[in-house]
Amino acid sequence: MAIASELNVYRDTYRLTQFLLVITKQFDKMYKYTLGQRMIDSALGCLKYIQLVNVSTDTQTRSEYFDLLLAEFENVKVLIRLSADPQIKCMSEKKLSYAIDLLSNIGKQITAWRKSQRARV
């Protein structure tokens with residue numbers, strides 16, 4: 001078992017969290033404390049669940065943490081898409097593109113990690 005902070009999925013999620021912390025400072029006041037804070041909270045939740053999945057030894061517990069990680073990750077994706085919605089427009093297309101690239105990489109890594117864990121059972 002590797003240290004969570006050494007995992008690529010953790011590093012990419014950390015990078016996403018840093019990105020969200022920076023861009024939400026630029027959100028309108030109306031969205032900064034609602035949409036922006038929820039994005040940050042969900043990204044931090046993903047980091048927490050990555051650590052919990054990594055340290056879990058029981059397959060049932062690990063599976064539950066994977067489910068929570070995927071739910072939190074989907075929440076981050078929805079919130080980011082919403083922030084770039086033309087009616088809200090908190091995020092530029094360039095920033096959205098960067099976020100989507102990170103989300104895509106993270107999603108692939110989570111899926112591969114989960115498949116490798118299921119293969120062990």
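This is a predicted model: local features need pLDDT of at least 70, side-chain atom pairs count only at pLDDT 80 or more; totals for chains, interfaces and linings use all residues.
Okay, let's start with confidence: the chain averages a pLDDT of 93, and 98% of the residues score at least 70. pLDDT is the predictor's confidence in each residue, on a scale from 0 to 100. Residues are numbered from 1 along each chain as its sequence is written, and side-chain values use heavy atoms, with hydrogens and water left out.

Confidence is lowest in helix 4, at a mean of 93, and highest in helix 1, at 97. When I say helix, I mean a DSSP run of H or I with at least four residues, numbered from the N terminus.

Let's look at helix 3. Helix 3 has 25 residues and spans 36 Å from first C-alpha to last, close to the 36 Å expected at 1.5 Å a residue. That expected span is 1.5 Å times one less than the number of residues. Its buried residues are Arg-62, Phe-66, Leu-69, Glu-72, Phe-73, Val-76, Lys-77, Leu-79, Ile-80 and Ser-83. Buried means under 20% relative accessible area, exposed means over 50%, and partly exposed is in between, with a 1.4 Å probe and protein chains only. What covers those buried residues of helix 3? The cover includes helix 1, helix 2 and helix 4, going by contacts, meaning heavy atoms within 4.5 Å.

Now, aromatic rings. Rings of Phe, Tyr and Trp (its six-membered ring) pair if their centres lie within 6.5 Å; planes under 30 degrees apart are stacked, over 60 edge-to-face, and the rest tilted. By this rule we get three aromatic pairs. In one of them, the rings of Phe-66 and Trp-113 have centres 5.2 Å apart and planes at 75°, so the pair is edge-to-face. This pair links distant parts of the chain, with Phe-66 in helix 3 and Trp-113 in helix 4, 47 residues apart. Both Phe-66 and Trp-113 are buried.

On to the loop between helix 1 and helix 2, where you'll find Thr-24. Thr-24 counts as buried because its relative accessibility is 5%. A polar atom of its side chain lies 2.8 Å from the backbone oxygen of Leu-20. Leaving out residues up to four places away in sequence, Thr-24 touches Lys-32, Gly-36, Met-39 and Ile-40.

Phe-27 sits in the loop between helix 1 (8-23) and helix 2 (29-55) too. Is Phe-27 buried or exposed? Buried, because its relative accessible area is 4%. With the neighbours up to four places away left out again, Phe-27 touches Lys-32, Gly-36, Met-39, Ser-83 and Cys-90. Also, its C-alpha is 7.9 Å from that of Met-91, which is 64 residues away along the chain.

Most residues other than glycine have a negative phi. Lys-89 has a positive phi, near 50°. Its relative accessible area is 47%, so Lys-89 is partly exposed.

Technical notes
Helices (H or I, at least four residues) and strands (E, at least two) are DSSP runs, numbered from the N terminus. A polar contact is a pair of N or O atoms within 3.5 Å; within protein, one must be able to donate a hydrogen and the other to accept it, and residues adjacent in sequence count only if both atoms are side-chain atoms.
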